[in-house]
Amino acid sequence: MTKPQTKKTDKRVGLFVCHCGVNIAGVVDVEKVAQVMKDYPGVSFSANYVYMCSDPGQQMIIDTIKEKKLDSIIIAACSPTLHEKTFQEAARLAGLNPYQIEIANIREQDSWVHTDKDKATKKAIRIVKGHVEKAIRNESLEPIKVDVTRRALVIGGGISGIQAALDVADHGYEVLLVEKNPSIGGKMIQLSETFPTLDCSQCIMTPKMVEASRHPRIKLLTYHEVESVSGFVGNFKVRIKRKPRYVDATLCNLCGECEKVCPQVVPDEFNMGLSFRKAVYLPFPQAVPGTYTLDAANCLGLSPVRCGKCKDVCDKKAIDYDMKEKIIEEDVGGIIIATGYDLYTMQALGEYGGEKYEDVINGLEFERILSASGPTGGVIRRPSDGQVPKSIVFVQCSGSRDTEKHLPYCSKICCMYTAKHSMLYKHRVPDGQATVFYIDVRTGGKAFDEFYQRTVEEDKVLYIRGKVSKIIKEGDTLIVWGVDTLTGKKVEIEADMVVLAMAMVKADGVQDLLKRLKISTDIHGFLAEAHPKLRPVESLNAGFFLAGCALGPKDIPEAVSQASAAAAKIGDLFSQKELSHEPTVVPADDEKCSGCAICITMCPYGARSMDKERGVVVVNEVLCEGCGACAAACPCGAAQQRNQTDEQIFAMVSAMLGE
Amino acid sequence: MKIHYYPGCTLKEKTTALDLSTREAMLRLDVELVEPEGWSCCGAEYPLTEEKIIGLAAPARVMRQVRDEGGDVLITTCSFCYAVLKRTNYALKNDALKHKRINAFLKDDIKINPLTKEKTTGFEDYNGEVKVLHLLEYLRDYVGPPKIKSRLKRPFPGLKIAPYYGCRLLRPQKELGLDEPDNPHIFEEFLELMGCTAVDYPFKQECCGSYLSVSLPEAATEASYRILRAARMNGAQAVAVTCPLCFYNMDKRQDAIRESFLDFGGLPVLFFTQILAWALGVDKSALGLAEHAVPAAHLFEDKPRAEVTL
Amino acid sequence: MYEPQIMSFLCKWCTSAAADLAGTSRIHYASNAVNLRVMCSSRVDPQHILYSFREGADGVFIGGCHPGDCHYVEGNYKTLRRIALFKKMLPELGIEPQRVRLEWISAAEGKKYAQVMDEFTEQIRALGPLNFNEKALKREEQKNE
Amino acid sequence: MRVKLKAGPEPRKFIDRIEELSGENVYACYQCGRCSAGCPMAAEMDYLPNQIIRLVQMGLADEVLRSKTLFLCASCFTCQSRCPKGIDLARVMEAVRHVLDPKGKDAFGPNEISPELARELPQQVLVALFRKFSK
């Protein structure tokens, strides 16, 4: 903590004090500031002017820099957020390095907040002095330049991932689309019809899937999982695990003979376990890529000794029990994460039967029951006995908006899909009774409220305002305990089936990956935006972009918009010749570094690592965002932030506090 | 082994069956139950406003006595006592103000030795040191299923029993922490351990009407009826309870239930400790079966009869 | 009236922006603090605080983003831990821990910034001048005796 | 019936008192009604549990204090265990009972129990009942 020497510097510093009309000059005696600073060590020029940001003001700066051969300038004016760029540009025109410009904020943080002229002037002088001390010690810096690999990785093959991949590919860049399941399509391909237009989800989804698979610049990696990502924006190295499908996709001609002979029957994930599939299966008829997959976990043993029936019947010799897991490595410049969501578990809702009642199902299960390609061929039948339910109760906010035990947020789409569910039910079972329990009906969206009103008015769905407390079962009938808060009556309704509008939650399967990628998430595990308003599809980690329900609950158009926005951001990134990165990073001084590695643990970006041979820390400056946490932690002063070194801070403090 | 046991008022006078069967059963698991000296009524209801905290004094005093006798665990079987003791303990641990006020009040408590008439006062603060356990918890976590299993003499093969938790064992979960309020298991696990089949039915955690059985008997009658009916519909041969008041509402009031609800066929109500005691080989005479309004003795046969017509 | 000297370290993204907002909103507050803008509150080294006291500050203020809002993911948590520990050390040096204040003030909280500045100034005024160097000198003398 | 909502500190005093006594934030309630939907005694009540909270939120002390509901709550905590906002309604009920005129008549007193019944009842029910419903 030695007091910094007033550097014997040959540097010529110039000071320009702005009046900003009366905004500054009305409170701060700008003439006095300029006058006092004239004699301050290091200051070669000091002047004041009515509007520094005006054209003549800037010209004055440019001319003075040239004329007085200034090495560094301080503009005492408004907040740097307003005109730092303006003045940097002016200085650049005069041939001065932009990192030699200091803005001393004497407006927002002085003249506008104080009334005592004397005190405000003194404070302005202190502020300016501090910046002079900093300027004396500023280095000229150049932005760090890096090349860009113009190739994108999209993680997740649902509607968001597919849309993002298509857009990036259409911009002219190559895309790797990684999906962990055997087919792309995500949750949207499971839906029946979509609100509020009631167009068939599969009909609008499958063309997109086919387009993605045929696009010359999209490489589809289904049944693959991203293992790890290293590197930095523009230059990522990705390790991707290829899971063995045991069926050669290029040979499989979908004849289906293998499926016929396979003896292993397991619940079908695509139909939410409401029907069965074989261990060798096609996830759904329109699956992309169109190939069978042999699910090793349920196969009798991947060996002709154990079974081997599927291999025997395959004419194309597509089945290969010896297929192995493989890691592939790819270079990409930017990454879009579109890993989707899951539904909250039934198990967590003990009062609604937990998993005990077969006929209490979630919204996605009901989508399958409604779907023409679903387990019941589109006829609404309940899971327990296949009867057509004469009464269905829909429970909104199942798990949502519950700060106490479940999830505090609103899942956003349930109001609309419940309206859709109850409407479709009434269309298929006109004499059936549909009852919806709701707390609020939220229909903010194009044609949403009209759709909801239609459900109530035309389809005569009974909306009851109240939250269901409990569901019990008597014989084959479910009894729903609810309340109508509008009439103040406790109500009990018999139902043949109950559909819970289950909360949307983070996708469980990708949480490990996100941790490995150091992608920050919010407290609910959804991806965190760089800025919730102004950078909604970017991650704080440079080069990562976000789309879809992985960010939080949303409907299809919103997910698609985000996907296109993320793709546009990738386009931005790839359109640059080279990337530049702020040079105000924190390098490690080899001479001073003791190799204690404390700074490595401080860095949230993994920019610092140990050079084991030399026993010192090395810094990947491209990864460093310049927060300075490491600099504050470094016990030996080896980590010094460029243009905000400890010496600069000490000098500023001395100048700002001294008389 | 000696363990502190808080029977509570009702067990001493009215439902001796619960007390007796508990003691006998525990002896067969090598546990002798000792009562803290000079215990008083816990107050039955935990005070629910921030100003009526004097109700915490009695239970705190009981637990302090247990601590001063060197005990670290206090067992109860009555759900009311369990809730009051455990919640008081929670408050003394987590609410600094209540801790201060109750201890200030109890400090000058006077204890008189019955023999020497010597007076003691100036007690040390009670900070929630004693662990309050329901017997079900104690059996599961301290005695353990393997030991209990090894001591079983007369398990109940296939006897279908509906466990009834009621309110006081489960809620509020944050303070009691015995089990999930809407998805509890501990009672079922106990019954399965006894060789019974635990009947799943949706009313196991619904209220029996509690003290309203005095001020508004019709309400308690209906509440109890709904529980018993659901248990019967799901095939139960009896309902097992832990609480004397639940027992009163469901057993003693069954005549009233049958009068109001003609479809109801009756169902015996047992204390869980009667099941435990019998399974461990305790003599039938020590089960207190004479206290039951609805005959239950037929369930405690070496070969229990499947059904009894009432 | 005694006017305390306060050194403020403000994070660029939140508290400095809040100070700017107080300005645009023309909220008046005590002029005792001089601000030094850092990229993140986690850039503030306890040494900077001690140095400020040595250079005549009577109070040191550190402003950062609210927990969870840090521009650098978790810098403010590091600050929180550092400052909490540092404040425990201060009495050893004869400095009242109240002379160091850490606050989370978001870019939207211009009013809060002004209030905190007034409050902190009053708080330091009540504590009186620190006279760090004199005290240090005295301690040295005592040691030597 | 028309209810006049009073402005000024009067209703606020009542709300503050209930919050202070119960330790619960009555404004946390967003009136989903789940407490009422699961309440075993709701059928007997003049105001449902959620309506009691609503009346407190509106500062309608007279309405709340007149309600039969206060003496139908068995403190079974079913509402508390399922409330999405974690409000312990049994505490709110107790707080309202506490605010009732302390000199007023017992809602339920010892005189209303016959000696025969008293002999039969478990002690705990008497203690609990008088604690809840008597002055």
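Student: In which sense do strand β21 and β27(A) pair, and over how many bridges?

Tutor: The model is a predicted one. In chain A, strand β21 covers residues 391-398. One of the pairs is Ser398(A), whose bridge partner in β27(A) is Met502(A). The two strands pair in the parallel sense, over five bridges.

Student: How many bridges join strand β20 of chain A to β27(A)?

Tutor: Strand β20 holds residues 360-362 of chain A, and β20 and β27(A) run parallel. Ile361(A) stands opposite Val499(A) in β27(A). The number of bridges that join β20 to β27(A) is three.

Student: Is strand β27 of chain A largely enclosed or open?

Tutor: A residue counts as buried if 20 or more other C-beta atoms lie within 10 Å of its own. Six of the six residues of β27, residues 497-502 of chain A, are buried.

Student: Which residues of β27(A) are buried on each of its faces?

Tutor: In a regular strand the side chains alternate between the two faces of the sheet. Both faces of β27(A) are covered. On one side the buried residues are Met497(A), Val499(A) and Ala501(A), and on the other they are Val498(A), Leu500(A) and Met502(A).

Student: Is Asn362(A) buried or exposed?

Tutor: Asn362(A) lies in strand β20 of chain A. The cut-off for a buried residue is 20 or more other C-beta atoms within 10 Å. Asn362(A) has 20 of them, so it counts as buried.

Student: With which residues is Asn362(A) in contact, leaving aside its neighbours within four places in sequence?

Tutor: One of them is Leu343(A), which is 19 residues from Asn362(A) in sequence and 8.3 Å from it in space, C-alpha to C-alpha. Two others, Leu500(A) and Met502(A), are buried residues of β27(A).

Student: Which element gives the most to the side of chain A that touches chain C?

Tutor: 38 residues of chain A are in contact with 35 residues of chain C. The elements of chain A that give two or more residues to this side are α5 (107-111), α6 (117-136), α17 and α18. By class, the side has 18 nonpolar, 12 polar and eight charged residues. The element that gives the most, with eight residues, is α18(A).

Student: Which element gives the most to the side of chain D that touches chain B?

Tutor: Here 35 residues of chain D are in contact with 36 residues of chain B. In chain D, α1 (9-22), α5 (78-82), α6 (89-99) and α8 (123-133) each supply at least two residues of this side. The side divides into 19 nonpolar, nine polar and seven charged residues. The element that gives the most, with nine residues, is α8(D).

Student: How far apart are the closest C-alpha atoms of chain B and chain C?

Tutor: No contact joins chain B and chain C. No contact joins chain C and chain D either, and their closest C-alpha atoms lie 23 Å apart. For chain B and chain C the distance is 24 Å.

Student: Is Met272(A) buried or exposed?

Tutor: Met272(A) is not a glycine, yet it has a positive phi of about 55°. It is placed in the loop between β13 (265-267) and β14 (276-278) of chain A. With 21 other C-beta atoms within 10 Å, Met272(A) is buried.

Student: What is the omega of the peptide bond from Phe195(A) to Pro196(A)?

Tutor: Pro196(A) lies in the loop between β8 (193-194) and β9 (199-200) of chain A. The peptide bond from Phe195(A) to Pro196(A) is cis. Its omega is near -10°.

Notes
Residues numbered from 1 in each chain as written. Chains lettered and ligands numbered in written order. Predicted model: local features only at pLDDT ≥ 70, side-chain atom pairs only at ≥ 80, totals over all residues. Contact = placed C-beta atoms within 7 Å. Helix = DSSP H or I, 4+ residues; strand = E, 2+ residues; numbered from the N terminus. Nonpolar A, V, L, I, M, F, W, Y, C, P; charged D, E, K, R; others polar. Buried ≥ 20, exposed ≤ 12 C-beta atoms within 10 Å, placed from the backbone. Pairing = 2+ DSSP bridges.
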